[in-house]
Amino acid sequence: MSTPATQPVITSSTSAAPKVTIRVGTRKSALALKQADFVVTGLRQLHPTVDFEIKGMHSTADKDKITALYKFGGKGLWTNELEAELRAGELDIIVHSLKDMPTVLPDGLILACVTPREDPRDVVVVKKGLEDKYKTLADLPAGAVVGTSSVRRMAQIKRRYPHLKFQDMRGNIDSRVKKLDAEDSEYSVLILAAAGLLRTGVGARISQYLDSTTEGGGMLHAVGQGGLGIEARADDQKTLDLLKPFEDANARLACEAERSVMRTLEGGCSIPIGVETEWVGDNKLRLTATVVNIEGTKAADSEKVAEVKTQEDAVEFGLEVAKKLRELGAQEILDVINADREASRDKAEPWVPA
């Protein structure tokens with residue numbers, strides 16, 4: 001598992017430079033704005049003579065709060081509107097949750113920087129009033145309702161806890177937690193990303209971490225989860241130079257390996273590919289990956305360790321793991337899921353697995 005983020009140690013630029021303004025694009029959610037502020041704070045310390053201006057926008061998924069994420073096309077769901085402004089020169093960079101970034105970017109745009117990574121694990125949040133009764137997924141009785149909008153999470157949990165039920169849950173972190181805690185709520189728990197809870201100051205609500213090594217956990221997180229990716233124009237060398245010293249090299253390499261797995265399997269953010277990366281020695285990266293069908297009855301699992309020193313190494317490593325997953329049946333699982341999504345694309349009702 002990648003190292004949780006701390007604010008990096010930064011040495012300020014001392015050379016005189018003309019005053020410039022960098023326009024920073026982000027989604028308008030509270031979490032997205034906090035993430036953009038984290039990036040801007042770090043960049044200001046590096047470049048005190050540069051102005052940074054944050055511009056928030058609503059994405060397609062922000063505008064449609066009804067359709068389950070599974071029903072959308074997986075690529076560009078959170079990014080298309082922002083990328084259009086970046087390409088048009090209305091923005092200079094975009095701050096993304098890396099897990100929401102497509103693995104293939106529009107022509108002329110690149111993943112310019114990956115920042116220090118927050119805790120990438122998935123976690124359980126228990127409804128208020130049930131916290132003395134339940135702490136983990138294993139504590140939940142048959143028929144208990146788990147709230148999540150992620151088919152990846154549903155599939156992995158169903159694999160280990162087939163007696164649980166699932167209900168789609170959309171919205172920002174605050175609204176989801178309020179829905180969970182409502183007196184008439186049918187949910188017993190929510191599954192969320194630790195990173196979002198920690199960044200918004202509500203980490204105390206975490207009841208259980210669901211990584212591969214935690215007893216009763218056994219889940220792999222989303223590709224890039226916990227990481228922030230900064231997108232920029234490939235030909236904007238001045239901006240790329242500003243971003244370079246803010247990059248976390250280990251986070252970049254781990255996330256490039258994870259993204260390579262997804263790119264090779266052609267999965268979007270609503271496809272059940274789970275990953276976990278951990279540095280286990282000098283330049284040695286362990287990559288664990290899984291693809292699980294929606295019912296939780298079929299899975300392909302792979303784990304490898306390789307020497308990773310460069311982005312090219314990371315991409316090749318991810319490709320090797322993805323090929324192994326295909327040999328074990330991952331492509332057949334994804335083909336069924338993609339076909340079902342295409343068949344139901346025009347239906348707006350939330351999807352709930354049987």
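**Salt bridges and a buried strand**

Me: Which residue forms a salt bridge with E85, the closest N and O atoms being 2.8 Å apart?

Reply: A salt bridge here is a side-chain nitrogen of Lys or Arg within 4 Å of a carboxyl oxygen of Asp or Glu. E85 sits in helix 3 (residues 80-87) and its partner in strand 2 (residues 50-57), so the pair ties together parts 30 residues apart in sequence. Helices (H or I, at least four residues) and strands (E, at least two) are DSSP runs, numbered from the N terminus. The partner is K55.

Quick note on the model: it's predicted, so local features need pLDDT of at least 70 and side-chain atom pairs pLDDT 80 or more, while totals for chains, interfaces and linings use all residues. Numbering runs from 1 along each chain as its sequence is written, and side-chain values use heavy atoms, leaving out hydrogens and water.

Me: Is E256 buried or exposed?

Reply: Buried means under 20% relative accessible area, exposed over 50%, and partly exposed in between (1.4 Å probe, protein chains only). E256 meets R252 in a salt bridge (2.9 Å, N to O), and R252 has a relative accessible area of 6%. For E256 the value is 8%, so E256 is buried.

Me: How many residues of strand 3 are buried?

Reply: On one side I93, V95 and S97 are buried, and on the other I94 and H96. Strand 3 (residues 93-97) is therefore largely enclosed by the rest of the structure, with the buried count at 5 of the 5.
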